[in-house]
Structure formats: structure tokens, C-alpha cells
Amino acid sequence: MATQPLALPTQAAMPTGFKKWIIVVTAISAAIIELIDTSIVNVGLTDIAGNLGVTVEDVSWVVTAYAIANVIVIPMTGFLQRYFGRKNYYIGSIILFTIASYGCGFADSLWTLVAFRFLQGIGGGALLSTSQGLMFDAFPPSQRPLASALFGMGIVLGPTLGPTLGGFIIDNYHWSWMFYINVPIGIAAVMLSLAFIDKKADELNIDRKSIHIDQMGILLLAVGIGSLQYVLERGEADDWFDSNVILWLAVAAAVAIPAFILWELKGTKEPVVDLRTFKNRNLAIGSILMVVIGYGLFTSVLLYPLFAQRIVGLTATQTGKLLIPGGIVTLPMFAIVGRLLAKGASPRTLVAVGYVAFASFCFMMATYNMDASNGDFITALIIRGIGLAFVNVPLINQSVATLEPRQLPTGIAIVNMMRQVGGAFGVAITNTYVTQRTAVHRGDLVSNLQPGEMLTMERLNAITQGLIAKGVNSFDAVTNAYKTMDLIISRQALMISYLDTFRLAGLFFVISFPLLFLLKSKKMDAAAAKAVADAAH
């Protein structure tokens, strides 16, 4: 279907004053709650499992269902906005997300919770790209870098605040409040959207009969991306290809994804996802770099709490509080980066600074041990936050700024999907790598404990005497000393595996660094600003 180019909103048509900032707050809030829900339940899986009477392995479906729905819907947001109208689709998605959030908190069985999480993921998938479009439309071209900076705060704050907020709720309230907390925010977002967000000209008289629905493309996308996400999320827990389900879904992904690519490129004239946009070099390179950013962001969100709690011994609340100084320092950095972009700073240079900062965070964390102090974590997390600020804002702009207006919905959806896919790869790689390296390091440590070896016997005797001093009888003290030694070895092996995994994440940034030189460094001129402004259409 041929579409008429849409005119760039003029200054007079743009929201101003109070209305403008209400739209900004609404858009950022919607994006934040969507991203928070990708990670908030991670710290509460044990409590949810105990309350529902299932295993932790089973309850991990709560995470998997949300991720699968999210990654399927995100690339289709451009088509869905065109079919339903942006305002209708945005408000409908918030309503679905809010109702599903209430259902999650109210659920009294695992599969009821999983079903509502899937619906929550469908609703949440629209919020990122659509919120980003609303943000850009609220600002004139000269202020679009500021819009990117404000939206970048939400992108980073969501996954960062998730474990913090989740830990506080788990330590002080019932796990259901991790979902109920979305309800008032969702209701407020719907009311504000109805009152303050205007429909575009092309939304007033949508002729849905003239809009072709790429049914085959949607089916192949759902099967391919959904299967891949399941394999990445559940692979480690289900022993990878020893599981028939993992094996068959891997085959489904291997068949459906190439078929989807061929169909979208050659099988239909009106694809649900216009993959021809990848001919644009900036989008192609930016998408690859965004996978690395997603990998680093979600891996750090997963690894830092595990390291702080399982190795150093911090509580969930203490772990979350250590994120606050980094957040306080990071927020103004987004505004600084936006101002630098507006003044003509090279986006490629800013991304390079962010890459170096994030790699430094990974390699710094790879040097810590169980004696790491709160100050050590705070320093590393501040560096991480600065890196994310310098990477996200210019990279998002440059990935889509050189696209034609009609390609923008697909471009933004692809960039957001790549971040999510990178996060899924990061979690899968992290879980597998930690498990494998823990086994290797445990074997190495145990091999150094020889029967009768002086240092080993001295350590065992010291533990035994300490237990006896606490009133344990001699026989039990010896037995417990061996058990304590085994726990020490296991903890040491786990710690070293975490350090290896941080080092691996840093290497991903180092390896992908040369790609920055293939990214066209382009100022936010009028043409680029117009393209970004039309992203919402």
C-alpha cells in the first residue's frame, strides 16, 4: 500500500508548556514500567515459587512468557500503529498492560500468572517505540537531542530500578505488589493520554480495508522469534539440546527466521516488518551495536545483584541502595550528552566514550572479590551509568536519523527489538557460562586439596576447633568442618566464574568497538531531525 509522506509537525502544531511536559512524563513513565517489568520479578522468583507451591525452575516461566511476548510484538509496532492509529494503539496497550498487571498480582496458580505475564508482555511491547515517537513529536528539531536524552533515561532506569524496586518489595511486602504497583501508574497514563495526546492527521480517518495484513509474515515472525527467545531463556535450565522441546524449537527458529526474512524481502509487497531498511548502513551497524548494548545492560543487571548477594552477602535492599548513587550521577549525564549532540558533537565519538566506560565497568568488576566494599560497587556502577548515557542517546539517534520517514516506525522497532534480543542472548550466555566455569573452577580448587597436605589440614583443624569452641561435639565438628570447607570451595568457584563472566562481557565491547568506525557520524541537521520527528507515524 502506497502511503503519502507525512508533513513534519510545525512549531504551532507541537504541544507546548504544561501539555508538552505532561506528554513527556506520560511517555517516559510508560517506557519505564515496561522495562522495569523485564527484570523486577528476577529477585522475587524464590518467594513466588514458595507461595504458589512450585519449583524455582517452573516459576522462571514468569520471566520467559513476558520476554517471548515482548520480543514478538516489538518489531510489529510500526504496522500496528498504522492499522489502529498511534493514539488508539498506545492507549489500548497501556490498558492491556495495566489489566494484565492486576491479573498477575491476583493470580493464585503458576499458569494463571504465566498467562497474565504473556498478556502483559503483549501490552508492554508497544510502549517503548510508541513512547519514543511521542517524545520526539513533543519537541522541535532543535530540541530533539534533549528528547533523546530524556527517553534514554527511561531506557536505562527501567532495567536498573527493576531489581532495586523488586528487592525492596520482597523484603517488606508481598510479591504481588511487584505487579500491583503498575496499576495506578497505568490508570494515570491512560487518563493523561486521553486528555493530552492528540491524534495525527492520518489517524483521523483510517481505512483499515486498504491496509494489507501480512498474515504469513506475522506467523513466521511469531514462530521464529518466539522459538528463539524460548531457547535462549530456557536453554540452560532445560539442559539445552538434551531437551526435546529445546531441540524442536531450535529447529523451528532455524527454519522460520530465514523463511521470514525471505518472505518479507521477496514474498510480499507490504511486509509487516520492512527488512529493506537494513540497506541503510547506520541502521544495520547501529542494530549490531545495540545487541551489544542490550547484552551488556541485561548481563550487568543480572550479574551485579547475584555477585553482591551470593558472594559479598548483601541483602536485596542493600544491593538496590548501592544503585542509587550511580543513578543520581547518570541522570544529568543524559542531559549533557543531549546538549553535546545539539551543539554538533560527533555521535561516533560519544558512543566511543560510552563503550570505553562500559568496558571499564566490566573489567573493574572482574577484579573484585568477596571483600569488595560498598564504595567499590558504587564506583563501578557510576562508570557503568556514564557509559550507558554516552552510548544510548547518540546511538539511537544515529541508527534512525538517516532513514526515510516511511521507514522510521520499522527502524525504531528494530532498534528496540535488537536491545531486547541482545539482552536475551546476554542472559542465556551468562547462565551457561557461569554454570560451566563454576564446574571448571571447582575442579581446579578441589585438585589442590591433597589428603595430609599441611595447609589443608591446618584449615580443617582451625574450623574444627572453632566449632568445638561453640559447643559442637568432636565427631560432629569434624564432619561439619568438611562441609564448611566444601561450601567455601563452592563459593570461591562461583565467585571466580562471575569474574570470568564480567571479563567476557567486557570483551564483547572490545571486539565490537571497530564497528563504530563504520557508523556514519552525522550531525542532527534538518533532514535528520525531520526523519526522527516522523518516527511516531
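User: What span does helix α19 reach from its first C-alpha to its last?

Analyst: In this predicted model, helix α19 covers residues 374-400 and has 27 residues. At 1.5 Å a residue the expected span is 39 Å, and the span from the first C-alpha to the last is close to that, at 39 Å.

User: How many of the residues of α19 are buried?

Analyst: A residue counts as buried when its relative accessible area is under 20%. Helix α19 is largely enclosed by the rest of the structure, because the buried residues among its 27 number 19.

User: Are α5 and α6 roughly parallel or roughly perpendicular to each other?

Analyst: Helix α5 (residues 77-84) and helix α6 (residues 86-106) pack with their axes 6 Å apart, at an angle of about 115°. Angles of 65 to 115 degrees count as roughly perpendicular. The two helices, α5 and α6, are therefore roughly perpendicular.

User: Which residues of α6 make the contact with α5?

Analyst: From α5 the contact draws on Thr77, Leu80, Gln81 and Phe84. Taken over both helices, the residues of this contact divide into 3 nonpolar, 3 polar and 1 charged. On the side of α6, the contact is made by Arg86, Asn88 and Tyr89.

User: Is Thr98 buried or exposed?

Analyst: Thr98 lies in helix α6, and its side chain reaches the backbone oxygen of Ile94 at 2.7 Å. Leaving aside neighbours within four places in sequence, Thr98 is in contact with Asn182, Val183, Gly186 and Ile187. With a relative accessibility of 9%, Thr98 counts as buried.

Definitions and conventions. Residues are numbered from 1 along each chain as its sequence is written. This is a predicted model: local features need pLDDT of at least 70, side-chain atom pairs count only at pLDDT 80 or more; totals for chains, interfaces and linings use all residues. Side-chain values use heavy atoms; hydrogens and water are left out. Axes are lines fitted to C-alpha atoms, for helices over the stretch in contact, and angles run from 0 to 180 degrees between N-to-C directions. Helices (H or I, at least four residues) and strands (E, at least two) are DSSP runs, numbered from the N terminus. Angles under 35 degrees count as roughly parallel, over 145 as roughly antiparallel, 65 to 115 as roughly perpendicular and the rest as oblique. Contact means heavy atoms within 4.5 Å. Ala, Val, Leu, Ile, Met, Phe, Trp, Tyr, Cys and Pro count as nonpolar, Asp, Glu, Lys and Arg as charged, and the others, Gly among them, as polar. Buried means under 20% relative accessible area, exposed over 50%, partly exposed in between (1.4 Å probe, protein chains only). A polar contact is a pair of N or O atoms within 3.5 Å; within protein, one must be able to donate a hydrogen and the other to accept it, and residues adjacent in sequence count only if both atoms are side-chain atoms. The expected span of a helix is 1.5 Å times one less than its number of residues.
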